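Colleague: I would like to go through this model with you. Shall we take it question by question?

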Amino acid sequence: GEDFLGIKNSRKILTVFFSDIVNFTSISEKMDPDELGRFLNYYLTTMSELVLKYGGTIDKFIGDAIMVFFGDPSSEGLETDASNCFHMAVEMQEILAKNRENIRKEYNLPEALRIRVGIHTGKCNVGNFGSDQRLEYTAIGRTVNIASRLEHACEESGILCSKATYVLLQTSHQFSDEKNVSAKGIENELKAYSWQRP
């Protein structure tokens with residue numbers, strides 16, 4: 001139904017993206033708070049610009065983690081949504097690879113900036129959820145949990161796509177063979193494919 005902001009809560013097939021920074025906890029503990037703030041603002045701004053470029057919706061930032069989805073409020077079709085998400089992730093990894101040394105120097109990072117990415121496509125509930133005090137336009141459901149789980153299982157500087165996303169990509173990009181990932185609360189192991197920079 002409609003909520004009071006006029007955004008319908010609905011059930012849709014979305015492609016969901018999660019990323020986080022490898023070893024972020026130890027990086028943040030070694031940094032001066034102001035420098036950490038400056039670095040995170042730079043990083044999240046740079047990544048957000050790519051989300052906008054590829055037509056994604058930023059769901060939320062959770063510290064250094066980024067959650068994005070494709071397919072709402074508008075969809076370009078399942079294949080294009082998945083492809084846009086994947087190409088966004090590849091460009092994120094390429095930009096970081098190209099600028100790793102500069103970023104490390106500029107922001108005084110204790111170690112090089114590397115991220116992990118998980119991508120999954122499936123049904124989500126999407127809309128405004130929360131309390132009377134604070135509503136958030138967000139996607140929830142098992143699909144989101146699986147994308148997050150894939151991200152945790154991903155190799156440094158890689159992208160781990162579920163089979164559901166992979167079959168939509170019809171891509172010539174280098175993926176490894178199928179691998180099995182177990183996810184909390186999911187009975188069967190997930191089939192996933194990992195991309196690494198060539």
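Modeller: Helices here are DSSP runs of H or I with at least four residues, numbered from the N terminus. The model is a predicted one.

Colleague: Which helix holds I95, and is I95 buried or exposed?
Modeller: I95 sits in helix α3. Buried means under 20% relative accessible area. I95 has 18%, so I95 counts as buried.

Colleague: How far is the C-alpha atom of I95 from that of T46?
Modeller: Along the chain, I95 and T46 are 49 residues apart.

Colleague: What is the order of elements from the N terminus on?
Modeller: The protein has five helices and eight strands. From the N terminus, the order is β-α-α-β-β-α-β-β-α-β-α-β-β.

Colleague: How does the radius of gyration compare with the globule rule?
Modeller: For 198 residues the globule rule gives 16 Å. The protein is close to that, so it is as compact as a globular protein of that length. Its C-alpha trace spans about 50 × 45 × 30 Å along the principal axes. The radius of gyration is 17 Å.

Colleague: What share of the contacts with a separation of 6 or more joins residues 24 or more positions apart?
Modeller: Contact means heavy atoms within 4.5 Å. Among contacts with a separation of 6 or more, the share from residues 24 or more positions apart is 67%.

Colleague: How much of the protein is buried, and how much of its surface belongs to carbon and sulfur atoms?
Modeller: Of the 198 residues, 48% count as buried. The accessible surface comes to about 10,100 Å². The part belonging to carbon and sulfur atoms is 47%.

Colleague: How far apart are the centres of the positive and negative side chains?
Modeller: There are 22 positive and 28 negative side chains. The centres of the two sets lie apart by 4 Å.

Colleague: Back to helix α3. What is the relative accessibility of Q93, and which residues does Q93 contact?
Modeller: Q93 lies in α3, residues 78–106. Its relative accessibility is 0%, so Q93 counts as buried. Neighbours within four places in sequence are left aside. The contacts of Q93 are then I115, V117, S157, G158, I159, W195 and R197.

Colleague: Why is strand β6 described as largely enclosed?
Modeller: Strand β6 covers residues 158–162. In a regular strand the side chains alternate between the two faces of the sheet. In β6, G158, L160 and S162 point one way, I159 and C161 the other, and all are buried. The strand is largely enclosed by the rest of the structure because the buried count is five of the five residues.

Colleague: Where is T165, and which residues does T165 touch?
Modeller: T165 is found in helix α5, residues 163–169. With a relative accessible area of 0%, T165 is buried. Residues up to four places away in sequence are not counted. T165 then touches A82, I119, H120 and T121.

Colleague: How far is T165 from V68 in space?
Modeller: In sequence, T165 and V68 are 97 residues apart. C-alpha to C-alpha, the distance in space is 14 Å.

Definitions and conventions. Residues are numbered from 1 along each chain as its sequence is written. This is a predicted model: local features need pLDDT of at least 70, side-chain atom pairs count only at pLDDT 80 or more; totals for chains, interfaces and linings use all residues. Side-chain values use heavy atoms; hydrogens and water are left out. Helices (H or I, at least four residues) and strands (E, at least two) are DSSP runs, numbered from the N terminus. The radius of gyration is taken over C-alpha atoms; the globule rule is 2.2 Å times the number of residues to the power 0.38. Buried means under 20% relative accessible area, exposed over 50%, partly exposed in between (1.4 Å probe, protein chains only). Accessible areas come from the Shrake-Rupley method with a 1.4 Å probe; for residues, only the protein chains shown count as cover. Lys and Arg count as positive and Asp and Glu as negative; His and the chain ends are not counted. The place of a charge is taken as NZ of Lys, CZ of Arg, CG of Asp or CD of Glu.
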